[in-house]
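Dear colleague,

Please find the structure below, followed by my notes on what turned up when I went through it. I have kept the cut-offs beside the terms.

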Amino acid sequence: MNKQLRKYFPKNKYLNDVNKEKVREINITLNSRKLKSLDGYSPEEAFIRVFGEETFKDLFK
């Protein structure tokens, strides 16, 4: 995950200019990527499989 975050937040870059909306966009992007470690599911899909879509909607939408 650190490698993925470094694409958006390179070393030695100040985060003062990063607002909540930009962090939200990055979060959505990263949680939508399919991962081998999750058997080809995205983190979002894996969460829904374990806890259900209603729980996901209640927490994140």
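A residue is called buried when its relative accessible area is under 20%, exposed when that area is over 50%, and partly exposed in between, with a 1.4 Å probe and protein chains only. By that rule Ser 42 is buried, with a relative accessible area of 3%.

Before going further, please note that this is a predicted model, in which local features need pLDDT of at least 70 and side-chain atom pairs count only at pLDDT 80 or more, while totals for chains, interfaces and linings use all residues. Residues are numbered from 1 along each chain as its sequence is written, and side-chain values use heavy atoms, with hydrogens and water left out.

On confidence, the chain averages a pLDDT (the predictor's confidence in each residue, from 0 to 100) of 90, and 98% of the residues score at least 70. Confidence is lowest in helix α1, residues 2-8, at a mean of 87, and highest in helix α3, residues 43-51, at 95; helices here are DSSP runs of H or I with at least four residues, numbered from the N terminus.

To return to Ser 42, this residue lies in the loop between α2 and α3, where it touches Asn 31, Ser 32, Arg 33 and Lys 34, not counting residues up to four places away in sequence; a contact means heavy atoms within 4.5 Å.

The structure holds 2 salt bridges, a salt bridge being a side-chain nitrogen of Lys or Arg within 4 Å of a carboxyl oxygen of Asp or Glu. One of them joins Lys 34 to Glu 45, with the closest N and O atoms 2.8 Å apart. Because Lys 34 lies in the loop between α2 and α3 and Glu 45 in helix α3, the pair ties together parts that are 11 residues apart in sequence. Lys 34 counts as exposed at 53% relative accessibility, whereas Glu 45, at 29%, counts as partly exposed. Another joins the side chains of Glu 53 and Lys 57, at 3.8 Å from N to O; both residues lie in helix α4, 4 residues apart, which is about one turn of the helix. Glu 53 is partly exposed at 46%, and Lys 57 is partly exposed at 40%.

The largest pocket holds about 240 Å³ of space. A pocket is an open set of points on a 1 Å grid over the protein atoms alone, where a 1.4 Å probe fits, with protein on both sides within 12 Å along at least five of seven lines, and lining residues have an atom within 4 Å of a point. Its lining has 10 residues, of which Asn 27, Asn 31, Glu 44, Phe 56 and Phe 60 lie nearest the centre. Helices α2 (20-32), α3 and α4 (53-60) each supply at least two lining residues, and the largest share, 4 residues, comes from α2.

Finally, two backbone angles deserve a look. Phi of Asn 12 is near 65°, a positive value in a residue other than glycine; Asn 12 sits in the loop between α1 and α2 and is exposed at 80%. Phi of Asp 39 is near 55°, again positive in a residue other than glycine, and Asp 39, in the loop between α2 and α3, is exposed at 71%.

With best wishes

Key: Points joined across faces, edges and corners; volume = space filled by probe spheres on them.
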